[in-house]
Amino acid sequence: MAPSGAGEGWLTLLTPQHLRIARSVAQGATNREVARQLSISTRTVEYHLRNIFTQLGVRSRVALARVLEPEFLRSAPANSSADVSAACGASPLT
């Protein structure tokens with residue numbers, strides 16, 4: 001997972017661009033989608049992902065999402081179930 005002994009400071013290992021890419025990938029975006037969002041090439045996304053994986057000691061997008069999960073939980077709104085339902089296109093009443 002995150003580098004040993006890094007605690008919450010492991011995020012400081014990543015540049016702001018790396019963080020944007022890592023967050024998008026952890027939320028399920030493809031390399032092409034990330035490239036479009038950030039106005040960069042897919043090759044640039046691939047390059048940054050390799051660096052992110054190396055810095056964080058992960059080998060997959062799933063592992064990256066697991067490493068970033070605590071950050072997402074801290075920044076999630078109090079009523080996140082309604083937000084998730086809305087993001088999935090489901091009615092919060094269902």
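Among contacts in the protein chain between residues at least 6 apart in sequence, 54% join residues at least 24 apart. Contact means heavy atoms within 4.5 Å. This is a predicted model, in which local features need pLDDT of at least 70, side-chain atom pairs count only at pLDDT 80 or more, and totals for chains, interfaces and linings use all residues. Residues are numbered from 1 along each chain as its sequence is written, and side-chain values use heavy atoms, with hydrogens and water left out.

**View 1. The whole chain.** Helices (H or I, at least four residues) and strands (E, at least two) are DSSP runs, numbered from the N terminus. Of the 94 residues, 29% count as buried. Buried means under 20% relative accessible area, exposed means over 50%, and partly exposed lies in between (1.4 Å probe, protein chains only).

**View 2. Helix α1 and its covered residues.** Helix α1 spans residues 16-26. It is mostly covered, with eight of its eleven residues buried. These are Gln17, His18, Leu19, Ile21, Ala22, Ser24, Val25 and Ala26. After α1 comes glycine 28, with a positive phi near 105°.

**View 3. Serine 24.** Serine 24 sits in helix α1. Its relative accessibility is 13%, so serine 24 counts as buried. Leaving aside neighbours within four places in sequence, serine 24 is in contact with Ala29, Val34 and Gln37.

**View 4. Helix α1 against helix α3.** Two packed helices are described by the angle between their axes and the distance between the axes. Here α1 and α3 pack at about 95°, with their axes 10 Å apart. That makes α1 roughly perpendicular to α3. From α1, the contact uses Gln17, His18, Ile21, Ala22 and Val25; from α3, it uses Val45, His48, Leu49, Asn51 and Ile52. By class, this contact has six nonpolar, four polar and no charged residues. Axes are lines fitted to C-alpha atoms, for helices over the stretch in contact, and angles run from 0 to 180 degrees between N-to-C directions. Angles under 35 degrees count as roughly parallel, over 145 as roughly antiparallel, 65 to 115 as roughly perpendicular and the rest as oblique. Ala, Val, Leu, Ile, Met, Phe, Trp, Tyr, Cys and Pro count as nonpolar, Asp, Glu, Lys and Arg as charged, and the others, Gly among them, as polar.

**View 5. Helix α2 against helix α3.** The axes of α2 (residues 31-38) and α3 (residues 42-56) come within 8 Å and cross at roughly 110°. The two helices are therefore roughly perpendicular to each other. Asn31, Arg32, Val34 and Ala35 of α2 meet Thr42, Val45, Glu46 and Leu49 of α3. The residues of this contact divide into four nonpolar, two polar and two charged.

**View 6. The two sides of helix α2.** Asn31, Val34 and Ala35 of α2 are buried. They cover an arc of only 100° around the axis, which puts them on the same side of α2. The arc is that of the directions from the helix axis to the C-beta atoms. On the other side of α2, Arg32, Arg36 and Gln37 are exposed.

View 7. Serine 39 lies in the loop between α2 and α3. Its relative accessible area is 67%, so serine 39 is exposed. Serine 39 is not a glycine, yet has a positive phi of about 55°. Most residues other than glycine have a negative phi.

**View 8. The largest nonpolar core.** This core has 21 residues, of which Leu49, Ile52, Leu56 and Leu64 touch the most other members. The elements that give two or more residues to this core are α1, α2, α3 and α4 (61-75). A nonpolar core is a set of buried Ala, Val, Leu, Ile, Met, Phe, Trp, Tyr and Cys residues joined through side-chain atoms within 4.5 Å. Not counting residues up to four places away in sequence, leucine 49 touches Ile21, Val25, Asn31, Arg61 and Leu64.

**View 9. Arginine 61.** Arginine 61 lies in helix α4. It is partly exposed, with a relative accessible area of 32%. Beyond residues up to four places away in sequence, arginine 61 touches Val25, Ala29, Thr30, Asn31, Leu49 and Phe53. Arginine 61 and threonine 30 are 31 residues apart along the chain, and their C-alpha atoms are separated by 10.0 Å.
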